[in-house]
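The entries follow the order in which I looked.

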Amino acid sequence: MNFFTFTKLKRTLLMLTAVFWLGCGGDGNPSNNNNGGGTDSTGNNTTHTHTWGEWSITTAPTCTASGVETRSCTQGDTTETREIPQLTGAACYYGGAPNICGKDGTADSCKKTEIGGVTWLAENLNYLLESGNSWCYDNDETNCDIYGRLYDWETAKTVCPTGWRLPDTADWNRLDEATGGGGSRNEKLKSTSGWKNSYGESANGTDDFGFSALPGGVFTYAFTDGPFFQMKGSQGYWWTITERSDGRGDSRYIVAIGLIIGGGISDDGLSVRCIADN
Ligand SMILES: [Zn+2]
């Protein structure tokens, strides 16, 4: 499955909307040629060579059903669809890969650690919901095996297993206090391997509390020519459930040099740590 295409769905729909505004009722370019098998005519019986836009996913495939993707002629006269194969293999987990944190919507297979009286997952969630948006870094399943999945904010709010929840800002503040705060806290939360700074030098932590933060990177729409996967190996990003005053989702970034409080664009893909309800 092409996850990257999926992420572009919203923008593509916006573009298609614009095309329809421009294209409906247009004159069309008379032509004897048809491109891609389409033979539709415009409203005034002229035909033209279809100029197809990009395929975009209209129904995402799941582990139990195939999906559909659609493309439209840029002149707005016709669309065509094709099937996207049902998801299979490691992406679906069931009956498959062991030790997937969040498998089947439970935390049974997840590592856990208690910090300041609160039980946290000690690894990033790696559960593929049947709905919602999530990605493996670079769309590479092996990255999900290492870092867990990157979820958009809406999906992150619902992905924690039964009996667990997405932490809020106060939960992260309590974690901060319980681990000593300040610059040293960051070293105590990072795993003892896998981290490099921007110079490519080792920047591992001491993992004093078994939190084992990994630099899973982010899938971000922060750049106009994006979205991009970036920062794997040097930064980790986690959602909180708290909404900021600017409407963004509050998030926590652990980078090679410190912990940063930031706001994620809700479509961005970030890692998820859940905490126990009690
Ligand atoms: Zn056309």
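**Entry 1: Gly264**

I began with Gly264, which touches Trp153, Tyr237, Trp239, Arg248, Gly249, Ser251 and Leu270, not counting residues up to four places away in sequence; two residues are in contact if their C-beta atoms, placed from the backbone, lie within 7 Å. I noted that this is a predicted model, in which local features need pLDDT of at least 70 and side-chain atom pairs count only at pLDDT 80 or more, whereas totals for chains, interfaces and linings use all residues. Residues are numbered from 1 along each chain as its sequence is written.

Is Gly264 buried or exposed? I found Gly264 buried, with 26 other C-beta atoms within 10 Å; a residue is buried if 20 or more other C-beta atoms lie within 10 Å of its own, exposed if 12 or fewer, and partly exposed in between. Gly264 lies in strand β13 (residues 258–264), where strands (E, at least two residues) and helices (H or I, at least four) are DSSP runs numbered from the N terminus. I also looked up Tyr253, which is eleven residues from Gly264 in sequence and 9.9 Å away in space, C-alpha to C-alpha.

**Entry 2: the nonpolar core**

I then turned to the largest nonpolar core, which has 38 residues, those with the most contacts inside it being Leu121, Ala156, Leu270, Val272 and Cys274; such a core is a set of buried Ala, Val, Leu, Ile, Met, Phe, Trp, Tyr and Cys residues joined through C-beta atoms within 7 Å. Among the elements that give two or more residues to this core are α4 (153–159) and β11 (235–243). I found that Ala156 touches Tyr151, Leu166, Trp239, Leu270 and Val272, again leaving out residues up to four places away in sequence.

**Entry 3: helix α5**

In helix α5 (residues 169–178), I found Asp171, Trp172 and Leu175 buried. Seen down the axis of α5, the directions from that axis to the C-beta atoms of its buried residues fall within an arc of 95°, so these residues line one face of the helix. Ala170 and Glu177, on the other side of α5, are exposed. Just after α5, Gly180 takes a positive phi of about 100°.

β2 (residues 67–72) pairs with β3 over six bridges, and the bridge partner of Thr70 in β3 is Thr81.

Terms used. Pairing = 2+ DSSP bridges.
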